Amino acid sequence: MLASHADRERAVDVLRAGYAEGRMEREEFERRVARACAARTVGELAVLVADLPQGPVPQPAPVVAVPGTFRPARQRTSGTAVAAGVCGLLCLPTFGLTGIPAVVLGHAARADIRRSGAAGDGLALTGLVLGWLSTAGWAFVLVLLALLSAAVG
């Protein structure tokens, strides 16, 4: 593999540290630095620093492509969970009309996910929470209206 400027600088740093620790004479240090600057491959740099404590220049690991048959299978997302999440998110723009469907679909989706192992539990939970909040909000408004009508009438 061809050496980059960073590889050469790393090798020179290792040589400097070795020289500073007294592991080589000045002439040897200068000769190795000149060879490091002229090196074309990472292997040449590794030879220059192999006998020093910081060791050879690290080699990058080869990239190996994994065949598709060995990749983990993607889980399918539960359609009921998607519907619950959408209904839950639509609670605000529809003034809570989709709250009850979000709760029903959310519970059905979570049961389906537990049974089949499909993905989408977060969507189902989002639909449940937003649906229950919407339903509770409407129940609070209705109780308030009932109390106000009783107090006025």
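Phe29 is buried, at a relative accessible area of 13% (buried means under 20%, exposed over 50%, partly exposed in between, with a 1.4 Å probe and protein chains only). This is a predicted model, in which local features need pLDDT of at least 70, side-chain atom pairs count only at pLDDT 80 or more, and totals for chains, interfaces and linings use all residues. Residues are numbered from 1 along each chain as its sequence is written, and side-chain values use heavy atoms, with hydrogens and water left out.

One aromatic pair is found in a search of the whole structure. Tyr19 and Phe29 form this pair, which is stacked, with 4.7 Å centre to centre and 20° between the planes. Tyr19 belongs to helix H1 (residues 5-20) and Phe29 to helix H2 (residues 26-38), ten residues apart. For the pair, ring centres of Phe, Tyr and Trp (its six-membered ring) must lie within 6.5 Å; planes under 30 degrees apart count as stacked, over 60 as edge-to-face and the rest as tilted. Helices are DSSP runs of H or I with at least four residues, strands are runs of E with at least two, and both are numbered from the N terminus. Tyr19 is partly exposed, at 29% relative accessibility.

Glu21 sits in the loop between H1 and H2. With 46% relative accessibility, Glu21 is partly exposed. From Glu21 to Val82, 61 residues apart along the chain, the C-alpha separation is 64 Å.

## Domains

The domain assignment gives domain 1 (5-49) and domain 2 (126-152); such bounds come from an automatic or database assignment. Taken over C-alpha atoms, the centres of domain 1 and domain 2 are 76 Å apart.

## Annotated transmembrane regions

An unreviewed UniProt entry lists residues 81-109 and 129-152 as "transmembrane region". UniProt positions follow the numbering used here, feature names are shortened, and annotations may be inferred rather than shown by experiment.

Residues 81-109 are 69% helix and 0% strand, with end C-alpha atoms 5 Å apart. Residues 129-152 are 100% helix and 0% strand, with end C-alpha atoms 34 Å apart.

## Nonpolar surface patch

Phe95, Trp138, Phe140, Val141, Leu142, Leu144, Leu145 and Leu148 make a nonpolar surface patch of about 840 Å². Patch residues have over 30% relative accessible area and no salt bridge; nonpolar side chains (Val, Leu, Ile, Met, Phe, Trp, Tyr) are joined within 5 Å, like charges within 9 Å. A salt bridge is a side-chain nitrogen of Lys or Arg within 4 Å of a carboxyl oxygen of Asp or Glu. Accessible areas come from the Shrake-Rupley method with a 1.4 Å probe.

Leu142 lies in helix H6 (residues 121-152). Leu142 is exposed, with a relative accessible area of 54%.
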